[in-house]
Amino acid sequence: MYVAVKGGERAIENAHRLLAHERRGDRDVPEVSLAQISGQLSLGVDRVMTEGSLYDRELAALAIKQARGDMIEAIFLLRAFRATLPRFGASEPVDTSRMQVRRRISSTFKDMPGGQILGSTFDYTHRLLDPVLAGESMPEAPALAEAQPLAMPRVTDILGRDGLIESSPAEDADQPVGDLTRDALSFPADRDLRLQNLARADEGFLLSLGYSSQRGYGRNHPFAGEIRLGEVEVEFMAEDVGFAVPLGAITLTECQMVNQFKGTDTEAPCFTRGYGLAFGQSERKAMSMALVDRALRARELGEDVQAPAQDEEFVMSHSDNVQATGFVEHLKLPHYVDFQSELGLLRKLRKEFHEAMETPSEMQEAAE
Amino acid sequence: MTTSSLNDQPTRRQAAMAVLSHAATAEIAGHLDAIAVPVHEQLREPENGLVMLRGRIGGDGAPFNLGEATVSRAAIRLVSGEVGFGYTLGRDREKARLIALCDALIQTNEFAAAVEVQVLTPLRARIATDRQRKAAETAATKVDFYTLVRGEG
């Protein structure tokens, strides 16, 4: 084993040198800058920040460049970087009702206070490749319209006023906020931990699970009550300063799913909710998260847990793509000793099998 | 701003920090050039760290941990004794130091007005202009169902 490791040193060094060369691509083509990645591949940056669980556009752009566009590798890099910095504390919970909204749509109400605002979206595009973008082009400046300072209440707040939808779980000041980066996961897990897990979960995994719940595997009749995108202010209660310090703004996408109603002998039926929140413009992620959040509330809402999307241990144990890739890709690492023992066992079994074939049993002799 | 106080200083300092946190480092430095900044020392070497960002379940319920953000912080003390703190999203330590310097200056009788006029006022105007432009771009994408229905037919 040690001989093999030593012999690999030079090969590894040269492999990484070749990696750097191939990462650079054709040396006659200009190198891509972090500002270009951050500005022009911005949704990729948003995804890496969300699943890397670290809000820092420049670092996420660097990770994408270093990973040659491999998103999971980039997410891995961001998670590893995070471990090198001290944590100053936790922010005050952000207030998404005070978001400076750049997009806000609802599939439940046509006319709602504040209106339907499309923002920048792929929705309603024809999904035809645009040859203009193959060359260099400068798009038209955005259209402008007079902005009215309208209040933009969440759709769930509007429904909540008439008691038509359940309230969000109230804050319990005595209950510490669960943090899966500090404590090992145990089951059953509370909703705060589940949401933290889903927030950093692989988008593809959540998309598939959310889709499965729509197709009948843990169905819960969702409506996209509201999706909003925009900037929210972050405040941090700094002990040394003595008051909540404004840190600046972050971009968030929030999704409120409105789901089938429940009712009991003592409670009138009302809609239930699923919630999604993600860094940047991450609409598919926020929607999938909200679907899975609602599915995972099966136990709490007295529903039968039958489908994968309702099984919190299954979902939370397999949602993290850094963990998943670590375990899948570790199969590439030397397993020479393990394999030798398997090989030895297999040879022994085969030898026994052939010996048994060559020595006719008493039964066979009797039959002849 | 969530903290209230008997005097208005925390609120004033918070308001200044809110403006400064939205400004670029070079912008703050450029505006500060107009002020003869007094002698000061670093109370805390500017450093990078993380803050866990929290959301609320359903947007308005119990808090949960969403993910972390990089944050820079610094603290300085003026020769006259005022201590200023700088906290900002991102890894720009110089920005944290400049915010700390402004925070200390606005606590002095001598420099408070100058920081307000030379630094905060122009930054506020620039930030408001950017917000208005964004709001106008956003407003142009608002769906007007009535217009659609009213068409000739």
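Predicted model: local features only at pLDDT ≥ 70, side-chain atom pairs only at ≥ 80, totals over all residues.
Residues are numbered from 1 along each chain as its sequence is written, chains are lettered from A and ligands numbered from 1 in the order in which they are written, and side-chain values use heavy atoms, with hydrogens and water left out.

The interface between the chains is described first. With contact taken to mean heavy atoms within 4.5 Å, chain A contributes 76 residues and chain B contributes 56 residues. About 5900 Å² is buried between chain A and chain B, and carbon and sulfur atoms give 63% of this area; buried area here is the accessible area (1.4 Å probe) that two parts lose on being put together, summed over both. On the side of chain A, the residues that lose the most area to chain B are Phe88(A), Phe243(A) and Leu247(A), which together make up 13% of what that side buries.

Side chains of opposite charge can pair when their charged atoms come close. Under the rule for a salt bridge (a side-chain nitrogen of Lys or Arg within 4 Å of a carboxyl oxygen of Asp or Glu), the count between chain A and chain B is seven. One of these joins the side chains of Asp56(A) and Arg91(B), with an N to O distance of 2.7 Å. The interface of chain A and chain B also holds 34 residue pairs in polar contact, both residues being at pLDDT 80 or more; a polar contact is a pair of N or O atoms within 3.5 Å, where within protein one must be able to donate a hydrogen and the other to accept it, and residues adjacent in sequence count only if both atoms are side-chain atoms. Strand β5 (residues 243-262) of chain A supplies eleven residues, the largest share of the side of chain A that touches chain B. Helices (H or I, at least four residues) and strands (E, at least two) are DSSP runs, numbered from the N terminus.

Strand pairing, which requires that DSSP finds at least two bridges between two strands, also links the chains. Strand β1 (residues 54-55) of chain A runs parallel to strand β2 (residues 63-78) of chain B and is joined to it by two bridges, with Tyr55(A) opposite Ala69(B). Strand β2 (residues 87-90) of chain A pairs in the parallel sense with strand β1 (residues 40-56) of chain B over three bridges, and here Arg87(A) stands opposite Leu50(B). Within chain B, β1(B) and β2(B) run antiparallel and are joined by 14 bridges, with Gln42(B) opposite Ile76(B). These two strands form a hairpin with six residues between them, and Gly58(B) in the turn has a positive phi of about 75 degrees.

Chain A itself is divided into domain 1 (7-82) and domain 2 (96-123 + 150-169 + 176-325), with bounds that come from an automatic or database domain assignment. The C-alpha centres of these two domains of chain A lie 29 Å apart, and their contact takes 14 residues from domain 1 and 20 residues from domain 2. The area buried between the domains is about 1500 Å², of which carbon and sulfur atoms give 58%. In domain 1 of chain A, Thr50(A), Tyr55(A) and Arg79(A) lose the most area to domain 2, together 40% of what that side buries. Two salt bridges are found across this domain interface. Asp202(A) forms a salt bridge with Arg47(A), in which the closest N and O atoms are 3.4 Å apart.

Over all chains, a search of the whole structure finds 44 salt bridges. Among them, Glu231(A) and Arg102(A) meet through their side chains at 2.8 Å, N to O. Glu231(A) lies in strand β4 (residues 223-238) and Arg102(A) in strand β3 (residues 100-105) of chain A, so the pair ties together parts that are 129 residues apart in sequence.

Finally, two features of the backbone of chain A may be noted. Most residues other than glycine have a negative phi, and most peptide bonds are trans. The peptide bond from Phe187(A) to Pro188(A), however, is cis, with omega near 0 degrees, and Pro188(A) lies in the loop between α6 (155-161) and α7 (191-199) of chain A. Arg68(A) has a positive phi of about 60 degrees although it is not a glycine.
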